[in-house]
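Please read the following briefing alongside the sequence and the model, taking the topics in the order given.

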Amino acid sequence: MTLQLQDRRSMCVSQVRLAADAYLVCLHHALTTEKEEVMGLLVGEFSKGKDVVCDIHSAVTLRRSDKRKDRVEISPEMLIEAQQRAEQMSAASGQELHIVGWYHSHPHITVWPSDIDLQTQAGYQQMDSHFIGLIFSVYNDDKKTKVGSHQVTCFQATNQSPEGESPQYVRLPVPIEILPSPTLATNNQQALDNLCSTLYEEQSEFLEQSRQQSQKHPLTHLHNVAVMVQSVCRLGSLVLGPLVSSVEEQLRHINTTTRHLEQEAAYLRNLLEKNNVEIPKQHDIHC
């Protein structure tokens, strides 16, 4: 039994480091709906030494293949597509990146994984023992202050049943740290862009289903169209908001850096003049 416990621990990830912009993608994806769970995959790398550390650089948002409120599934096609994206990111960055985990949301419920979540996580760990899971609990209001809050947890699953018996999976908590990101990385910016089109496609699919079900009731269909337009506008503002904020933040960063460089250039120019050093003209400088 002790040996089995040691084997389980050796397969565990000791720490997860999540880039802040990847966290932003996951959180805003989770906030797009308070009625269903959403999910996606995480791209990063494992550093395997004495302890296994998982660095998550990007998030890949996925469409819901199961429309039930408390179910999220990854189809084989989605997994292949996400792996292809990870390979593209790897080629562009020069790092060896791959799918390291998954995330999903828990709207209006606790952040702790359900039995189904643990079974799903255990299934992923059969493919990769280091595979990790993130859960974002959103739309939870404090009953006294009425202030909304959200939580995130990282976990793996382990079977606590003796060998030969039906598996009973329990949560293995994994420490998580959110690392600052100076800017919104291109991959995560694209993920937010793709999220807009993904949500629109989902809404369009729902609208088509309602149209087929209400062919004899045109007013019902018109009502559903109005609801879809309202929903798309709300989702658009929710997703595009962080993109606009990111561009504004990058612009402020560029302006601040430009001012600092101009001040440094003026200081160096004055220093050269005081020491009677001739400042070469731009066309005289050769690389």
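S90 is buried, with a relative accessible area of 17%, where buried means under 20% relative accessible area, exposed means over 50% and partly exposed lies in between (1.4 Å probe, protein chains only). This is a predicted model, in which local features need pLDDT of at least 70 and side-chain atom pairs count only at pLDDT 80 or more, while totals for chains, interfaces and linings use all residues. Residues are numbered from 1 along each chain as its sequence is written, and side-chain values use heavy atoms, with hydrogens and water left out.

**Helix 3**

- S90 is placed in helix 3, which covers residues 76-93; helices (H or I, at least four residues) and strands (E, at least two) are DSSP runs, numbered from the N terminus.
- The side chain of S90 reaches the backbone nitrogen of L97 at a distance of 3.3 Å.
- When neighbours within four places in sequence are left aside, S90 is in contact with Q95, E96 and L97, contact meaning heavy atoms within 4.5 Å.
- E81 and R85 join their side chains in a salt bridge (2.9 Å, N to O), a term for a side-chain nitrogen of Lys or Arg within 4 Å of a carboxyl oxygen of Asp or Glu.
- Because E81 and R85 are four residues apart in helix 3, they are separated by about one helical turn.
- E81 is partly exposed at a relative accessible area of 39%, and R85 is also partly exposed, with a value of 21%.

**Salt bridge between strands**

- By the salt-bridge rule, the count comes to two.
- D55 forms a salt bridge with R17, and the closest N and O atoms of this pair are 2.6 Å apart.
- Since D55 lies in strand 3 (residues 52-61) and R17 in strand 1 (residues 15-19), the pair ties together parts that are 38 residues apart in sequence.
- D55 counts as buried at 14% relative accessibility, whereas R17 is partly exposed, with a relative accessible area of 27%.

- Y139 belongs to strand 5 (residues 132-141) and counts as partly exposed at 25% relative accessibility.
- Phi of Y139 is near 60°, a positive value in a residue other than glycine.
- S149 is found in strand 6 (residues 148-159), and is partly exposed, with a relative accessible area of 41%.
- The C-alpha atoms of S149 and Y139 are separated by 6.6 Å, although the two residues are ten apart along the chain.
- Not counting residues up to four places away in sequence, S149 touches S137, V138, Y139 and N140.
- H108, in the loop between strand 4 (98-107) and helix 4 (115-127), has a phi near 70°, a positive value in a residue other than glycine.
- H108 is partly exposed, with a relative accessible area of 44%.

Technical notes: A polar contact is a pair of N or O atoms within 3.5 Å; within protein, one must be able to donate a hydrogen and the other to accept it, and residues adjacent in sequence count only if both atoms are side-chain atoms.
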